[in-house]
Amino acid sequence: MYQNFIWDFDGTLFNTYPKMLKAYVKTMQHYQISITPSAIYRTLKTQSSKDLANQYQLDFEEFDQIYKQFEKSDTSNVFAYDDAKYILEKVIEKGGKNYLLTHRENASAKALLQGSQLDGLFVEIVGPENKFPRKPDPTSLLYLVEKYQMDKTKTVMIGDRPMDIDAGINAGVQSIFYNDERLFNIKQAHHEVHSLTEIEKFLGE
(Lines give C-alpha, C1' and ligand atoms only; values in the text may rest on other atoms or scores of the structure.)
Protein backbone atom coordinates (compact mmCIF):
# COMPACT_ATOMS: atom_id res chain seq x y z
CA MET A 1 0.00 0.00 0.00
CA TYR A 2 2.74 2.47 0.99
CA GLN A 3 6.28 2.76 -0.38
CA ASN A 4 7.79 5.68 1.52
CA PHE A 5 7.83 5.48 5.31
CA ILE A 6 8.80 8.67 7.15
CA TRP A 7 9.44 7.82 10.79
CA ASP A 8 9.47 9.91 13.93
CA PHE A 9 12.29 8.89 16.30
CA ASP A 10 11.59 9.46 20.01
CA GLY A 11 8.69 7.37 21.29
CA THR A 12 8.11 5.77 17.88
CA LEU A 13 11.23 3.79 17.05
CA PHE A 14 13.11 4.34 20.32
CA ASN A 15 11.95 4.14 23.92
CA THR A 16 13.68 7.38 24.87
CA TYR A 17 10.92 8.88 27.00
CA PRO A 18 12.10 7.53 30.40
CA LYS A 19 15.52 9.14 29.88
CA MET A 20 14.00 12.30 28.38
CA LEU A 21 11.55 12.62 31.25
CA LYS A 22 14.33 12.50 33.85
CA ALA A 23 16.13 15.30 32.02
CA TYR A 24 12.97 17.41 31.75
CA VAL A 25 12.26 16.93 35.48
CA LYS A 26 15.76 18.26 36.22
CA THR A 27 15.22 21.12 33.79
CA MET A 28 12.03 22.21 35.54
CA GLN A 29 13.81 21.91 38.90
CA HIS A 30 16.57 24.13 37.49
CA TYR A 31 13.91 26.79 36.91
CA GLN A 32 12.45 26.05 40.38
CA ILE A 33 9.11 25.16 38.82
CA SER A 34 6.90 22.72 40.69
CA ILE A 35 5.34 20.23 38.28
CA THR A 36 4.84 16.47 38.54
CA PRO A 37 6.65 14.07 36.19
CA SER A 38 3.28 12.77 34.98
CA ALA A 39 2.20 16.31 34.01
CA ILE A 40 5.47 16.83 32.14
CA TYR A 41 5.03 13.52 30.34
CA ARG A 42 1.48 14.27 29.25
CA THR A 43 2.55 17.62 27.81
CA LEU A 44 5.45 16.00 25.96
CA LYS A 45 3.20 13.30 24.51
CA THR A 46 0.16 15.38 23.62
CA GLN A 47 2.01 18.58 22.68
CA SER A 48 5.76 19.25 22.69
CA SER A 49 8.73 20.45 24.72
CA LYS A 50 8.19 23.90 23.24
CA ASP A 51 4.67 23.94 24.67
CA LEU A 52 6.08 22.90 28.04
CA ALA A 53 8.44 25.88 27.99
CA ASN A 54 5.72 28.23 26.78
CA GLN A 55 3.40 27.22 29.63
CA TYR A 56 5.86 28.85 32.03
CA GLN A 57 6.98 31.73 29.78
CA LEU A 58 10.46 30.25 29.44
CA ASP A 59 12.81 31.07 26.58
CA PHE A 60 12.68 27.90 24.52
CA GLU A 61 16.23 28.02 23.15
CA GLU A 62 17.69 28.35 26.63
CA PHE A 63 15.24 25.77 28.00
CA ASP A 64 16.19 23.32 25.25
CA GLN A 65 19.92 23.77 25.80
CA ILE A 66 19.58 23.15 29.55
CA TYR A 67 17.50 20.05 28.84
CA LYS A 68 20.09 18.71 26.38
CA GLN A 69 22.86 19.17 28.94
CA PHE A 70 20.92 17.10 31.49
CA GLU A 71 20.11 14.45 28.89
CA LYS A 72 23.76 14.15 27.79
CA SER A 73 24.92 13.83 31.40
CA ASP A 74 22.70 10.76 31.81
CA THR A 75 24.85 7.85 30.62
CA SER A 76 22.11 5.21 30.76
CA ASN A 77 21.63 3.34 27.50
CA VAL A 78 18.63 3.76 25.23
CA PHE A 79 17.54 1.15 22.73
CA ALA A 80 15.03 0.79 19.93
CA TYR A 81 11.70 -0.90 20.59
CA ASP A 82 11.96 -4.67 20.16
CA ASP A 83 10.09 -4.75 16.86
CA ALA A 84 11.67 -1.64 15.30
CA LYS A 85 14.43 -3.51 13.44
CA TYR A 86 11.95 -6.09 12.18
CA ILE A 87 9.56 -3.58 10.64
CA LEU A 88 12.27 -1.33 9.17
CA GLU A 89 13.85 -4.34 7.46
CA LYS A 90 10.42 -5.52 6.27
CA VAL A 91 9.83 -2.14 4.60
CA ILE A 92 13.04 -2.57 2.61
CA GLU A 93 12.34 -6.24 1.89
CA LYS A 94 8.99 -5.25 0.36
CA GLY A 95 10.65 -2.64 -1.86
CA GLY A 96 9.90 0.39 0.33
CA LYS A 97 12.20 3.04 1.76
CA ASN A 98 12.63 4.45 5.26
CA TYR A 99 13.31 8.09 6.14
CA LEU A 100 13.83 9.59 9.59
CA LEU A 101 12.35 12.93 10.64
CA THR A 102 13.33 14.03 14.13
CA HIS A 103 13.88 17.01 16.42
CA ARG A 104 16.87 15.10 17.85
CA GLU A 105 20.33 16.23 16.71
CA ASN A 106 21.83 14.12 13.94
CA ALA A 107 24.85 12.94 15.93
CA SER A 108 22.64 11.73 18.78
CA ALA A 109 20.20 9.99 16.44
CA LYS A 110 22.99 8.27 14.51
CA ALA A 111 24.70 7.07 17.70
CA LEU A 112 21.46 5.53 18.97
CA LEU A 113 20.73 3.95 15.60
CA GLN A 114 24.19 2.36 15.58
CA GLY A 115 23.72 1.12 19.14
CA SER A 116 20.59 -0.76 18.07
CA GLN A 117 22.04 -1.83 14.69
CA LEU A 118 19.53 0.26 12.75
CA ASP A 119 22.03 2.44 10.92
CA GLY A 120 21.93 1.86 7.19
CA LEU A 121 18.17 1.28 7.13
CA PHE A 122 17.33 4.92 6.29
CA VAL A 123 17.75 6.81 3.03
CA GLU A 124 18.08 10.13 4.87
CA ILE A 125 17.84 11.58 8.37
CA VAL A 126 16.29 15.04 8.65
CA GLY A 127 17.04 16.76 11.95
CA PRO A 128 17.38 20.24 13.46
CA GLU A 129 20.58 20.78 11.43
CA ASN A 130 18.35 21.19 8.37
CA LYS A 131 16.94 24.36 9.97
CA PHE A 132 13.36 23.53 9.00
CA PRO A 133 10.48 24.72 11.20
CA ARG A 134 9.49 22.19 13.86
CA LYS A 135 6.60 19.79 13.31
CA PRO A 136 3.65 20.13 12.74
CA ASP A 137 4.94 22.53 10.08
CA PRO A 138 5.10 20.37 6.91
CA THR A 139 8.28 21.93 5.45
CA SER A 140 10.57 19.05 6.49
CA LEU A 141 8.24 16.44 5.03
CA LEU A 142 7.76 18.38 1.83
CA TYR A 143 11.55 18.59 1.48
CA LEU A 144 11.70 14.78 1.46
CA VAL A 145 8.67 14.44 -0.82
CA GLU A 146 10.14 16.82 -3.37
CA LYS A 147 13.75 15.62 -3.15
CA TYR A 148 12.82 11.96 -3.70
CA GLN A 149 9.80 12.65 -5.95
CA MET A 150 7.49 10.70 -3.67
CA ASP A 151 3.93 9.86 -4.61
CA LYS A 152 1.99 11.39 -1.70
CA THR A 153 -0.66 8.68 -1.87
CA LYS A 154 2.07 6.09 -1.25
CA THR A 155 3.90 8.07 1.43
CA VAL A 156 3.12 7.85 5.14
CA MET A 157 4.29 9.67 8.27
CA ILE A 158 4.48 7.49 11.40
CA GLY A 159 4.59 9.03 14.87
CA ASP A 160 3.36 8.85 18.45
CA ARG A 161 2.24 12.45 18.90
CA PRO A 162 -0.34 14.81 17.38
CA MET A 163 2.45 16.96 15.91
CA ASP A 164 3.66 14.00 13.82
CA ILE A 165 0.21 13.23 12.49
CA ASP A 166 -0.57 16.90 11.82
CA ALA A 167 2.75 17.32 10.00
CA GLY A 168 1.83 14.44 7.71
CA ILE A 169 -1.66 15.79 7.07
CA ASN A 170 -0.31 19.31 6.47
CA ALA A 171 2.12 17.85 3.90
CA GLY A 172 -0.68 16.02 2.12
CA VAL A 173 0.67 12.52 2.87
CA GLN A 174 -0.89 9.67 4.83
CA SER A 175 -0.41 9.17 8.57
CA ILE A 176 -0.10 6.32 11.07
CA PHE A 177 -0.55 7.04 14.78
CA TYR A 178 1.61 4.70 16.88
CA ASN A 179 -0.55 4.52 19.98
CA ASP A 180 1.25 1.91 22.08
CA GLU A 181 0.26 3.37 25.46
CA ARG A 182 -3.32 4.33 24.46
CA LEU A 183 -3.15 7.48 26.57
CA PHE A 184 -5.20 9.51 24.09
CA ASN A 185 -6.68 9.42 20.60
CA ILE A 186 -5.84 11.33 17.43
CA LYS A 187 -9.03 11.32 15.38
CA GLN A 188 -7.47 12.93 12.33
CA ALA A 189 -4.91 10.12 11.83
CA HIS A 190 -5.52 8.00 8.75
CA HIS A 191 -4.51 4.82 10.62
CA GLU A 192 -3.76 3.75 14.19
CA VAL A 193 -1.56 0.87 15.36
CA HIS A 194 -0.69 -0.37 18.83
CA SER A 195 2.53 -2.15 17.87
CA LEU A 196 5.11 -1.52 15.16
CA THR A 197 4.58 -4.98 13.68
CA GLU A 198 1.01 -3.97 12.78
CA ILE A 199 2.52 -1.63 10.20
CA GLU A 200 3.42 -4.69 8.13
CA LYS A 201 -0.11 -4.72 6.74
CA PHE A 202 0.60 -1.38 5.04
CA LEU A 203 3.63 -2.63 3.13
CA GLY A 204 3.82 -3.40 -0.56
CA GLU A 205 2.22 -2.02 -3.70
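Okay, let's start with what I'm calling an aromatic pair: two rings from Phe, Tyr or Trp, taking the six-membered ring for Trp, with centres within 6.5 Å of each other. Go by that rule and you count twelve aromatic pairs. One of them is Phe9 with Phe14, and that pair is stacked, with 4.5 Å from centre to centre and 10° between the planes. It counts as stacked because the planes are under 30 degrees apart. Both partners are buried: Phe9 has a relative accessibility of 0%, and Phe14 also comes in at 0%. Elsewhere, ring pairs tie Tyr24, Tyr31, Phe60, Phe63 and Tyr67 together into a cluster. Bear in mind that what's on the screen is a predicted model.

Now, the nonpolar cores. The largest one has 30 residues, and the members touching the most other members are Phe5, Trp7, Leu13, Phe14, Leu196 and Ile199. H5 gives the largest share, at four residues. Apart from that core there's another one of 18 residues, including Met20, Ala23, Leu44 and Ala53.

If you skip its neighbours within four places in sequence, Leu196 is in contact with Trp7, Thr12, Leu13, Tyr81, Asp83, Ala84, Ile87 and Tyr178.

While we're on H5, have a look at Ile92, which sits in that helix. Is Ile92 buried, partly exposed or exposed? Partly exposed, because its relative accessible area is 39%, and that category runs between 20% and 50%. Leaving out neighbours within four places in sequence, Ile92 has contacts with Asn98 and Leu121.

On to the open spaces. The largest pocket has a volume of about 830 Å³. Its lining takes in 38 residues, and the ones nearest the centre are Lys68, His103, Arg104, Glu105 and Arg134. Helix H1 (17-30), helix H4 (60-73) and helix H6 (106-115) each bring at least two residues to that lining, and H4 has the largest share, with eight residues. What's the lining like by class? You get 15 nonpolar, nine polar and 14 charged residues.

The largest cavity holds about 40 Å³. Around it are Lys45, Asp160, Phe177, Tyr178, Asn179, Asp180, Glu181, Arg182, Leu183 and Phe184. By class, that's four nonpolar, one polar and five charged residues.

You'll find Arg182 in the loop between E5 and strand E6 (191-193), and it counts as exposed because its relative accessible area is 56%. Gln57 is another non-glycine residue with a positive phi, near 50°. Gln57 is in the loop between helix H3 (49-55) and H4, and at 69% relative accessibility it's exposed too. Finally, Lys135 and Pro136 are joined by a cis peptide bond, with omega about 15°. Pro136 sits in the loop between strand E3 (125-126) and helix H7 (139-147).

That's my tour, so over to you.

Key: Residues numbered from 1 in each chain as written. Predicted model: local features only at pLDDT ≥ 70, side-chain atom pairs only at ≥ 80, totals over all residues. Heavy atoms only, no water. Phe/Tyr/Trp six-rings, centres within 6.5 Å; stacked < 30°, edge-to-face > 60°. Buried < 20%, exposed > 50% of the residue type's maximum accessible area, 1.4 Å probe, protein only. 1 Å grid on protein atoms, 1.4 Å probe; cavity = no way out; pocket = protein on both sides within 12 Å on 5 of 7 lines; lining within 4 Å. Points joined across faces, edges and corners; volume = space filled by probe spheres on them. Nonpolar A, V, L, I, M, F, W, Y, C, P; charged D, E, K, R; others polar. Core = buried A, V, L, I, M, F, W, Y, C linked by side-chain atoms within 4.5 Å. Contact = heavy atoms within 4.5 Å.
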